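Me: I would like to go through the labels attached to this structure and ask what each one rests on. Please set the values against the cut-offs.

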Amino acid sequence: MQLQQLQYFVAVAETRHFTRAAEVVHVAQPSLSQQIKALERELGADLFLRARGNIALTDAGEALLPLARRILADADTARHEVLELVQLRRGRVRLGATPSLCTGLLPDVLRAFHDRYPGIRLLIEEGGSHDLVRELARGALDLALVVLPLPTASPSLTTVELLRENLVVVSSPESPRPGGGRRAVRVADLEGERLVMFRHGYDLRELTVAACRSAGFEPDFAVEGGEMDAVLGFVRAGLGMAVVPRMVAARSGRGLRVTPLARPGLHRTIALAHRSDVAPPRAARELQRMLLER
């Protein structure tokens with residue numbers, strides 16, 4: 001079994017078309033087809049159901065696809081690891097993070113990392129913890145900043161707690177103060193208030209909705225479905241209030257009133273995660289060290 005054969009197999013599986021797959025991997029279509037057939041002979045199973053205008057994975061193909069992706073990702077990581085110079089003058093780090101962490105935590109750390117290692121490319125992927133865990137597991141990321149507890153237990157990942165962050169309520173200065181103007185408000189004070197809510201899959205959405213329900217009410221959404229920047233913009237426009245991390249609120253500048261939540265308040269635990277079975281590349285390990293020492 002050759003890496004090239006697995007690359008061709010993944011290309012066909014993703015495009016569901018032999019000619020388009022050949023274009024993706026820059027090889028002649030007959031050569032690609034021959035390599036796929038050779039792979040099938042070695043495995044002793046057909047990987048594709050071939051019909052005119054319709055290519056589908058067999059059960060064997062479905063079983064091989066996630067493994068092939070992981071093997072190719074690991075090979076790519078090994079290639080980049082070997083190419084890195086001792087002084088970390090070149091290389092890359094693939095880092096996943098939730099959008100709120102990209103706004104609040106990462107800018108200062110990434111600036112310090114870039115100043116120290118200007119030749120290292122930083123590839124950032126934003127997503128919810130569920131998506132980031134999946135991308136880590138299949139080898140598409142070196143590190144990820146996720147919210148604990150993880151959406152599903154994953155023995156293949158190692159997590160290290162990074163920080164515990166308080167959440168606050170943000171609102172427009174031109175709108176009435178939440179909780180009747182008290183210095184700190186309870187979650188129960190949000191009952192009847194119009195909230196600007198994140199899209200499904202956002203950790204903050206799930207945390208906020210769960211807290212409201214624990215306080216005995218269903219939250220009332222004025223707007224829902226936004227990313228972090230959109231949510232903050234809608235709050236500034238006076239459409240409603242939102243529950244966001246303190247670091248995000250602190251970085252968001254003018255146009256927002258920040259009200260803390262009364263004890264016990266709401267918080268979230270941020271962890272740095274990586275695959276347990278593969279050591280992160282050297283550049284990723286250096287970024288990991290800087291994040292843990294921040």
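Reply: A salt bridge here is a side-chain nitrogen of Lys or Arg within 4 Å of a carboxyl oxygen of Asp or Glu. The model is a predicted one.

Me: What makes Arg116 and Glu286 a salt bridge?

Reply: The closest N and O atoms of Arg116 and Glu286 are 3.6 Å apart, and the limit is 4 Å, so the pair counts. Arg116 belongs to helix H6 (residues 106–116) and Glu286 to helix H11 (residues 282–292), so the contact ties together parts that are 170 residues apart in sequence.

Me: Why is Arg116 called partly exposed, and why is Glu286 called buried?

Reply: Buried means under 20% relative accessible area, exposed over 50%, and partly exposed in between. Arg116 has 48%, so it is partly exposed. Glu286 has 14%, so it is buried.

Me: What makes Arg289 and Glu293 a salt bridge?

Reply: Their side chains meet at 2.5 Å, N to O, which is within 4 Å and therefore meets the criterion. Arg289, at 30% relative accessibility, is partly exposed, while Glu293, at 55%, is exposed.

Me: How many salt bridges does the structure hold?

Reply: It holds 20 salt bridges.

Me: What makes Phe18 and Phe48 an edge-to-face pair?

Reply: The structure holds four aromatic pairs. In one of them, the rings of Phe18 and Phe48 lie 5.9 Å centre to centre with 70° between the planes. Phe18 lies in helix H2 (residues 18–25) and Phe48 in strand E1 (residues 48–51), so the pair ties together parts that are 30 residues apart in sequence. Phe18 has 11% relative accessibility and counts as buried; Phe48, with 2%, is buried.

Me: Why is the pair of Phe198 and Tyr202 called stacked?

Reply: The centres are 4.6 Å apart and the planes 10° apart. Stacked means under 30 degrees, so the label applies. Both Phe198 and Tyr202 are buried.

Me: Which residues form one aromatic cluster?

Reply: Phe9, Phe18 and Phe48 form it. Phe9 is one of the buried residues of helix H1.

Me: What makes the span of helix H1 close to the expected one?

Reply: Helix H1 (residues 3–15) has 13 residues and reaches 18 Å from its first C-alpha to its last, against 18 Å expected at 1.5 Å a residue. Just after H1, Arg16 takes a positive phi of about 55°.

Me: How do you know that Cys102 and Cys212 are buried?

Reply: Cys102 has a relative accessible area of 18% and Cys212 has 1%. The cut-off is 20%, so each counts as buried. A search of the whole structure finds zero disulfides.

Terms used. Residues are numbered from 1 along each chain as its sequence is written. This is a predicted model: local features need pLDDT of at least 70, side-chain atom pairs count only at pLDDT 80 or more; totals for chains, interfaces and linings use all residues. Side-chain values use heavy atoms; hydrogens and water are left out. Helices (H or I, at least four residues) and strands (E, at least two) are DSSP runs, numbered from the N terminus. The expected span of a helix is 1.5 Å times one less than its number of residues. Buried means under 20% relative accessible area, exposed over 50%, partly exposed in between (1.4 Å probe, protein chains only). A disulfide is a pair of cysteine sulfur atoms within 2.5 Å. Rings of Phe, Tyr and Trp (its six-membered ring) pair if their centres lie within 6.5 Å; planes under 30 degrees apart count as stacked, over 60 as edge-to-face and the rest as tilted.
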